[in-house]
Amino acid sequence: MSVGTKASAITNTADWEIVVTRVFDAPREVVWNAWTDPEQVVEWWGPKGFTTTIHEMDVRPGGVWRHTMHGPDGTDYANKSVFIEVVKPERIVYSHDGGKKGDPGAQFQATWTFEAQGDQTRLTLRMVFPSAAARQHVVKTYGAIEGGKQTLERLAGHLEKVDSSVTAPPERAFLISRVFNAPRELVFKAWTDATDLKHWWGPQGFTWVSGKIDLRPGGFFHYCMRSPDGHEMWGKFAYWEIAAPERLVFANSFSDQDGTTTRHPGSPSWPLEVLNTLTFTEHQGKTTVKLHAIPVNATEQERRSFEAGFASMQKGFTCTLDQLADYLVKF
């Protein structure tokens with residue numbers, strides 16, 4: 001696979017920002033994976049001559065990315081970013097703080113956009129600084145504009161080695177929808193308020209024990225339920241995106257009482273987390289809720305287990321949504 005040679009830097013759009021863009025002759029999903037897979041990022045991140053050590057990289061809202069860049073002269077540059085928005089495979093936004101020892105460093109908000117152009121991808125980096133002086137400092141001290149161009153050039157070189165024909169096959173999503181005889185605002189609230197969720201969320205026959213919700217990107221809904229045989233089950237939602245009352249995105253998982261993500265108690269090959277995207281549309285006073293669910297960073301075995309569980313999930317969600325419908329009738 002060859003990589004396009006179109007590249008440009010737009011440096012005068014404003015005195016507080018830097019924009020660098022490049023078109024790659026590679027599909028958007030391949031470019032997205034190269035950006036979000038730590039094993040690939042270390043192969044191309046940084047200007048020419050730099051190497052990178054990634055200490056942690058949790059690509060989701062509220063997740064932290066810590067890495068150290070090693071310059072060709074031996075200087076280390078510590079970096080920490082916190083992801084604000086992750087919309088696969090379109091956009092990544094994060095706040096950044098980093099630099100070399102003894103220097104004020106670089107603080108900015110970065111937005112990466114991935115635009116599909118047929119089989120090509122336009123990747124654009126926009127860095128917004130707190131002031132014109134802060135921008136000028138990173139340009140003069142760190143060569144930010146040229147460094148950005150060289151980083152995308154290194155990504156181009158990495159993509160030349162990537163064979164898109166052997167990338168993971170598209171994941172099959174679990175889909176279910178339901179029409180509720182209630183306005184959208186009320187249905188959305190039932191999905192996002194712990195005082196509502198306790199009345200309907202969970203498998204049929206389970207009873208509510210406790211629950212706490214922090215409704216924001218990076219926040220959690222952490223809850224405990226009791227099975228008919230008296231067994232306690234903990235679970236959580238890790239919120240990725242909240243656009244009331246239209247859209248809700250969260251990673252669903254089992255957990256322990258401290259909120260630590262845990263494996264399915266009865267199926268060790270089940271994905272550790274499942275990303276749920278809910279859309280809410282209203283027509284003539286009724287609300288249609290559509291659920292799209294896919295595993296998060298799943299192995300091949302985990303994807304197979306997930307897909308094998310579709311029939312069970314269909315039955316389980318149908319009963320749970322029946323409980324929601326009954327609850328909404330009370331309003």
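Q: Which residue in E11 stands opposite glycine 211?
A: Tyrosine 223 stands opposite glycine 211. The model is predicted, so local features need pLDDT of at least 70 and side-chain atom pairs count only at pLDDT 80 or more, while totals for chains, interfaces and linings use all residues. Residues are numbered from 1 along each chain as its sequence is written, and side-chain values use heavy atoms, with hydrogens and water left out.

Q: What makes E10 and E11 a pair of strands?
A: Two strands pair if DSSP finds at least two bridges between them. Strand E10 (residues 207–213) and E11 have six bridges, in the antiparallel sense, so they meet the rule. Strands (E, at least two residues) and helices (H or I, at least four) are DSSP runs, numbered from the N terminus. Six residues lie between E10 and E11 in their hairpin, and glycine 218 in the turn has a positive phi of about 95 degrees.

Q: How do you know that E11 also pairs with E12?
A: E11 and strand E12 (residues 232–243) are joined by seven bridges in the antiparallel sense. Methionine 225 stands opposite methionine 233 in E12. This hairpin has five residues between its strands, and its turn holds glycine 230, with a positive phi of about 95 degrees.

Q: Why is strand E11 described as largely enclosed by the rest of the structure?
A: Five of the seven residues of E11 (residues 220–226) are buried, so the strand is largely enclosed. Buried means under 20% relative accessible area, exposed over 50%, and partly exposed in between (1.4 Å probe, protein chains only).

Q: Why is threonine 320 called buried?
A: Threonine 320 has a relative accessible area of 6%, so it counts as buried. It is found in helix H8 (residues 310–328). Leaving out residues up to four places away in sequence, threonine 320 touches Trp200, Trp201, Gly202 and Pro203; a contact means heavy atoms within 4.5 Å.

Q: What makes the phenylalanine 83 and tyrosine 94 pair edge-to-face?
A: Rings of Phe, Tyr and Trp (its six-membered ring) pair if their centres lie within 6.5 Å; planes under 30 degrees apart count as stacked, over 60 as edge-to-face and the rest as tilted. The count by this rule is 33 aromatic pairs. Phenylalanine 83 and tyrosine 94 lie 5.8 Å apart, centre to centre, with 75 degrees between the planes, and form an edge-to-face pair. Phenylalanine 83 is in strand E5 (residues 76–87) and tyrosine 94 in strand E6 (residues 91–100), eleven residues apart. Both phenylalanine 83 and tyrosine 94 are buried.

Q: How do you know that tyrosine 327 and phenylalanine 331 form an edge-to-face pair?
A: Their rings are 5.1 Å apart, centre to centre, with 80 degrees between the planes, and the pair is edge-to-face.

Q: Is tyrosine 327 buried or exposed, and is phenylalanine 331 buried or exposed?
A: Tyrosine 327 has 8% relative accessibility, so it counts as buried. Phenylalanine 331 has 57%, so it counts as exposed.
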